[in-house]
Amino acid sequence: MISLLVINGPNLNMLGIRQPEVYGRDTLPGIETLCREHAQTRNVGCEVFQSNHEGALIDQIHAARGSHHGIILNAGAYTHTSIAIMDAVASASVPTIEVHLSNIHARESFRHTSYLSKVAVGQICGFGAHGYVLAIDALIAHLAEAETA
Ligand code: DQA
């Protein structure tokens, strides 16, 4: 069975409380349940992980190699700063889709740069929690395509 890993980075544990006008009212446990339930309807496995620490996120990305077929990654602000997380995604070579709740391209210019986009299969942003559902579907389609290629 295909297994996906959903990784959320710094401050995403504060969803629901944190700037709801930007990020909406969904909580992280709510988003994680949404991911698990949607994955189940698509007959794929889904594990979730959140950390506020760059090294812990890197360790999870490395560990995904051999245990998960794909990663959905919202690295929060590390998206815009972390060459180390970009390198981890490149090293693990597990297909990764980058997700953001907000439309980072419509916000401050420092959010327009994503190091992760250089190594991700693609980026989904601006659709709130639904972006994770879109990412699960996109990752399943990408994995199926890669298999037949
Ligand atoms: C975010 C966008 C980032 O710029 C921000 O630092 C976050 C959340 C999003 O999901 O919209 O923490 O990744």
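Let's start at the ligand. Arg 18, Tyr 23, Asn 74, Gly 76, Ala 77, His 80, His 100, Leu 101, Ser 102, Ile 104 and Arg 111 surround the ligand, where a residue is near a molecule if one of its heavy atoms lies within 4 Å of it. Before I go on, this is a predicted model, in which local features need pLDDT of at least 70, side-chain atom pairs count only at pLDDT 80 or more, and totals for chains, interfaces and linings use all residues. Residues are numbered from 1 along each chain as its sequence is written, and side-chain values use heavy atoms, with hydrogens and water left out.

What is the make-up of the shell around the ligand? It divides into 4 nonpolar, 5 polar and 2 charged residues. In that count, Ala, Val, Leu, Ile, Met, Phe, Trp, Tyr, Cys and Pro are nonpolar, Asp, Glu, Lys and Arg are charged, and the others, Gly among them, are polar.

Now the polar atoms. His 80 has a side-chain N or O atom 2.7 Å from an oxygen atom of the ligand. For Asn 74, a polar side-chain atom lies 2.8 Å from a ligand oxygen. Arg 111 also places a side-chain N or O atom 2.8 Å from an oxygen atom of the ligand. On its own, the ligand has 320 Å² of accessible area, and the protein covers 99% of that. Accessible areas come from the Shrake-Rupley method with a 1.4 Å probe, and for residues only the protein chains shown count as cover.

Next, the inside of the protein. In soluble globular proteins, nonpolar side chains tend to be buried together. A nonpolar core here is a set of buried Ala, Val, Leu, Ile, Met, Phe, Trp, Tyr and Cys residues joined through side-chain atoms within 4.5 Å. Buried means under 20% relative accessible area, exposed means over 50%, and partly exposed is in between, with a 1.4 Å probe and protein chains only.

The largest nonpolar core has 22 residues. Leu 4, Ile 31, Cys 35, Ile 72, Leu 101 and Tyr 132 touch the most other members. Leu 101 is also one of the residues around the ligand. Which elements give two or more residues to this core? They are strand 1 (3-8), helix 2 (28-41), strand 4 (96-100) and helix 5 (130-148). Helices (H or I, at least four residues) and strands (E, at least two) are DSSP runs, numbered from the N terminus. Helix 5 gives the largest share, 6 residues. Another core lies apart from this one, with 15 residues, among them Leu 57, Ile 58, Ala 75 and Val 89.

Take Ile 72. Not counting residues up to four places away in sequence, Ile 72 touches Leu 5, Val 6, Ile 7, Ile 97, Val 99, Tyr 132, Ala 135, Ile 136 and Leu 139. Contact means heavy atoms within 4.5 Å.

On to the loops. Ser 51 sits in the loop between strand 2 and helix 3 (54-64). Is Ser 51 buried or exposed? Ser 51 is buried, at 7% relative accessible area. Its side chain reaches the backbone nitrogen of His 53 at 2.9 Å. Leaving aside neighbours within four places in sequence, Ser 51 is in contact with Asn 8, Gly 9, Pro 10, Ala 56 and Leu 57.

Asn 52 lies in the loop between strand 2 and helix 3 as well. Asn 52 is partly exposed, at 33%. A polar atom of the Asn 52 side chain lies 3.0 Å from the backbone nitrogen of Asn 11. The Asn 52 side chain also makes a polar contact with the side chain of Gln 50, at 3.0 Å. A polar contact is a pair of N or O atoms within 3.5 Å; within protein, one must be able to donate a hydrogen and the other to accept it, and residues adjacent in sequence count only if both atoms are side-chain atoms.

Leu 116 is in the loop between strand 4 and strand 5 (122-125). Leu 116 is buried, at 2% relative accessibility. Beyond four places in sequence, Leu 116 touches Leu 73, Ala 75, Thr 79, Ile 85, Met 86 and Glu 98.

Last, two backbone angles. Gln 19 is not a glycine, yet its phi is positive, about 30°. Gln 19 is in the loop between strand 1 and helix 1 (20-23), and is partly exposed at 38%. Asn 43 has a positive phi near 60°. Asn 43 lies between helix 2 and strand 2 (45-50), in the loop, and counts as exposed at 59%.
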